[in-house]
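Please read it with the sequence and the model side by side.

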Amino acid sequence: MLHELSTIHGENLTGTPWSVYPRPQLKRDSYLNLNGPWDFAAGKDKPETFERTILVPFCPESMLSGIREHFAEGTPLWYRRKVGPPEGFNRGRVILHIGAADQQAQVWVNGRKMGTHEGGYDAFSFDITDALQEENEILIRCTDDLRNQVYPYGKQTMTRGGMWYTPVSGIWQTVWMESVPEHYIEKLDIR
């Protein structure tokens, strides 16, 4: 059972959620935020049509996502976004970043598989330069299963109560693209 909780900030949300650059330690001016409405579907096979819209970066269980539903454990969640980067955006390489997605994610750009990521708390990225066209379709498939004890799941549980929380699945952090030169610093680890 999902509970409806709201804040004044959520009630007044307009525009692109979390539109600020997510990595202030390594800010680049070639930043394209992909938060906002994405096509959404749930099911085993890649959908032929996407009949729902989800507001990324909110998980489907949250009110702000527009979905407000928890799907059966292991159900693949499909996200699709069409994007044409602004003219002059590509300065050498284009990187697609996903701040976090529970628990397994597969990413395609224009039908070409970019890679897979496992683990729900880590940010990950793929160099998508070679798959880009003038107009692009980004497709992300996320699968989450709390019955699988291989991945950490924090305080999520299917039975709410005590110190346990409603499950979170799918994309739940900012998604963005940035263009970098052919030779660039990939990560900056400040501890």
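The largest nonpolar core has 30 residues, and those touching the most other members are L34, W38, Y79, L96, I138, I140 and M177; such a core is a set of buried Ala, Val, Leu, Ile, Met, Phe, Trp, Tyr and Cys residues joined through side-chain atoms within 4.5 Å. Buried stands for under 20% relative accessible area, exposed for over 50% and partly exposed for what lies in between, with a 1.4 Å probe and protein chains only. This is a predicted model, in which local features need pLDDT of at least 70 and side-chain atom pairs count only at pLDDT 80 or more, while totals for chains, interfaces and linings use all residues. Residues are numbered from 1 along each chain as its sequence is written, and side-chain values use heavy atoms, with hydrogens and water left out.

- Apart from neighbours within four places in sequence, L34 is in contact (heavy atoms within 4.5 Å) with R81, V83, L96, I138, V175, W176 and M177.
- A41, F50, W108 and L139 are among the five residues of a second, separate core.

**Aromatic pairs**
- Seven aromatic pairs are present, a pair being two rings of Phe, Tyr or Trp (its six-membered ring) with centres within 6.5 Å, called stacked if the planes are under 30 degrees apart, edge-to-face if over 60 and tilted for the rest.
- Y21 and Y31 have ring centres 4.9 Å apart and planes at 70 degrees, so this pair is edge-to-face; because Y21 lies in the loop between α1 (8-11) and β1 (31-33) and Y31 in strand β1, the pair ties together parts 10 residues apart in sequence.
- Y21 also forms an edge-to-face pair with W176, at 6.3 Å centre to centre and 65 degrees between the planes, and this pair links distant parts of the chain, with W176 in strand β12, 155 residues apart from Y21.
- Y21 counts as buried at 9% relative accessibility, as does W176 at 4%.
- One aromatic cluster is formed by Y21, Y31 and W176.

**Lining of the largest cavity**
- The residues lining the largest cavity divide into three nonpolar, five polar and three charged, with Ala, Val, Leu, Ile, Met, Phe, Trp, Tyr, Cys and Pro taken as nonpolar, Asp, Glu, Lys and Arg as charged, and the others, Gly among them, as polar.

Notes: Helix = DSSP H or I, 4+ residues; strand = E, 2+ residues; numbered from the N terminus.
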